[in-house]
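Begin with the structure itself.

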Amino acid sequence: MGPAVSQLKRRFRPKKLLLLGKEGVGKTTLLSAFRMGHPVLVEKTNSFECHALPGWTAMDLGGNERNRQLWHYFYPNTDAILWVMSSQGDPDDLNDLYDILEKNRVLDDVPLIVVLNQFKERMDTQEVIARLRNRPTRVLSMDVRRDFQRIQQYLDWAKKESKA
């Protein structure tokens, strides 16, 4: 009965969602607007924040260099990753994502949602997906202050794709 009970608990526990990306790209803005149902003014995340969403425990990890060195402690038991990039950000943000996924095998097969925040021109989403080699991936171009409701369908997709 012990293993059956623990499997049942795992099945019905909230899924773990990591919000990752460099500092100032809109992670906290997206999460706060989604939680509140309307855009809100937020301060930058100095360390990390944990929020309950329906069916998810969302870990908003600060994107400054000091915090990025601690991200790997949060990777185990992750059910989905939401990677946010800003059009005003560094074009190498995707390379940072690829490096993280390549170096951390514990994230293999974890569904990935890439949010392109405020991108004026379309990025080649097929190129992004191709570089991620067989990882379940969705790419969403949006303004996190106005289009935050669109994230729900992507979270539903990630929940279905999650192995845990």
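Two strands count as paired if DSSP finds at least two bridges between them. The model is predicted.

## Strand S3 and its partners

Strand S3 spans residues 56–61. It is mostly covered, with 5 of its 6 residues buried. S3 pairs with strand S2 (residues 48–53) in the antiparallel sense, over 6 bridges. It also pairs with strand S1 (residues 15–20), here in the parallel sense, over 5 bridges.

Leu19 stands opposite Asp60. Glu49 stands opposite Asp60 as well. S2 and S3 form a hairpin with 2 residues between the strands. In this hairpin, Gly55 takes a positive phi near 80°.

## Helix H6

Which residues of helix H6 are buried? In this helix (residues 151–161), they are Ile151, Tyr154, Leu155, Trp157 and Ala158. These residues cover an arc of only 160° around the axis, so they sit on the same side of H6. The face turned away from that buried side carries Gln153 and Lys160, which are exposed.

## Salt bridges across the chain

The count comes to 9 salt bridges. One of them joins Arg13 and Asp79, whose closest N and O atoms are 3.0 Å apart. This pair links distant parts of the chain, 66 residues apart. Arg13 is in the loop between helix H1 (2–12) and S1. Asp79 is in the loop between helix H3 (65–68) and strand S4 (80–86). Arg13 is partly exposed, at 28% relative accessible area. Asp79 counts as buried because its relative accessibility is 2%, and the cut-off for buried is under 20%.

Glu23 and Lys44 form another salt bridge, with the closest N and O atoms 3.1 Å apart. Glu23 lies in the loop between S1 and helix H2 (27–36), and Lys44 in the loop between H2 and S2, so the pair ties together parts 21 residues apart in sequence. Glu23 is partly exposed, at 42% relative accessible area. Lys44 counts as exposed, at 55% relative accessibility.

## A further pair and a network

The side chains of Asp143 and Arg145 also meet in a salt bridge, at 3.4 Å from N to O. Is Asp143 buried or exposed? Asp143 is buried, with a relative accessible area of 8%. Arg145 is partly exposed, at 43%.

Lys22, Arg68, Asp93 and Asp96 belong to one network, joined by salt bridges that share partners.

Conventions:
Residues are numbered from 1 along each chain as its sequence is written. This is a predicted model: local features need pLDDT of at least 70, side-chain atom pairs count only at pLDDT 80 or more; totals for chains, interfaces and linings use all residues. Side-chain values use heavy atoms; hydrogens and water are left out. Buried means under 20% relative accessible area, exposed over 50%, partly exposed in between (1.4 Å probe, protein chains only). Helices (H or I, at least four residues) and strands (E, at least two) are DSSP runs, numbered from the N terminus. The arc is that of the directions from the helix axis to the C-beta atoms. A salt bridge is a side-chain nitrogen of Lys or Arg within 4 Å of a carboxyl oxygen of Asp or Glu.
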